[in-house]
Amino acid sequence: MAVNDEMQILGEWYEQLARALEIPDLDVDQELLLDLARKSADHVIHAAAPVTAFLVGYAAGQGAGKNNAGSVGGSEATARAAGIAFRLCEDRAGSRGGKDAGRGGPAGAG
């Protein structure tokens with residue numbers, strides 16, 4: 001399956017799930033989460049991908065909620081939480097001498 005097809009299916013699934021969860025207006029950086037899932041699967045174990053994405057989302061929600069009337073929005077809270085997770089993945093890869101050690105997350109992720 002081509003990447004464009006996968007992204008279209010992911011977008012459709014995202015919209016369907018967001019509506020069902022009653023959060024249809026939530027803006028999510030899907031590329032960031034996909035990069036984070038890939039990195040955590042590569043540097044930890046495959047099962048770390050969904051757990052990492054969930055924890056980052058939860059932390060971002062908590063961060064955005066704490067600052068509801070303040071300056072940190074959902075996107076910034078997600079980037080902050082993802083940046084922490086990216087750094088932990090890199091630290092883990094570096095401590096194991098991983099082949100990808102030293103490669104950072106996407107621009108703006110930390």
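The following legends describe close-up views of a predicted model.

Residues are numbered from 1 along each chain as its sequence is written, and side-chain values use heavy atoms, with hydrogens and water left out. Because the model is predicted, local features require pLDDT of at least 70 and side-chain atom pairs count only at pLDDT 80 or more, whereas totals for chains, interfaces and linings use all residues.

**View 1. The protein chain follows the pattern α-α-α-α along its sequence.** Four helices and zero strands are assigned; these are DSSP runs, numbered from the N terminus (helices H or I, at least four residues; strands E, at least two). Of the 110 residues, 26% are buried, where buried means under 20% relative accessible area, exposed over 50%, and partly exposed in between (1.4 Å probe, protein chains only). Among contacts (heavy atoms within 4.5 Å) between residues at least 6 apart in sequence, 52% join residues at least 24 apart.

**View 2. Helix α4 comprises residues 74-95.** The end C-alpha atoms of α4 lie 32 Å apart, which agrees with the 32 Å that its 22 residues should span at 1.5 Å a residue; the expected span is 1.5 Å times one less than the number of residues. Buried residues of α4 include Ala-77, Ala-81, Phe-86 and Cys-89. Their cover includes α2 (30-43) and α3 (48-66).

**View 3. Glu-90 of helix α4 makes a polar contact with Lys-39.** Glu-90 counts as buried because its relative accessibility is 14%. The two side chains approach to 2.8 Å; a polar contact is a pair of N or O atoms within 3.5 Å, where, within protein, one must be able to donate a hydrogen and the other to accept it, and residues adjacent in sequence count only if both atoms are side-chain atoms.

**View 4. A nonpolar surface patch is formed by Trp-13, Leu-17, Leu-21, Ile-23 and Leu-26.** Together these residues have about 470 Å² of accessible area. Such patches consist of residues with over 30% relative accessible area and no salt bridge, nonpolar side chains (Val, Leu, Ile, Met, Phe, Trp, Tyr) being joined within 5 Å and like charges within 9 Å. A salt bridge places a side-chain nitrogen of Lys or Arg within 4 Å of a carboxyl oxygen of Asp or Glu. Leu-26 lies in the loop between α1 (3-20) and α2 and, at 46% relative accessibility, counts as partly exposed.

Notes. Accessible areas come from the Shrake-Rupley method with a 1.4 Å probe; for residues, only the protein chains shown count as cover.
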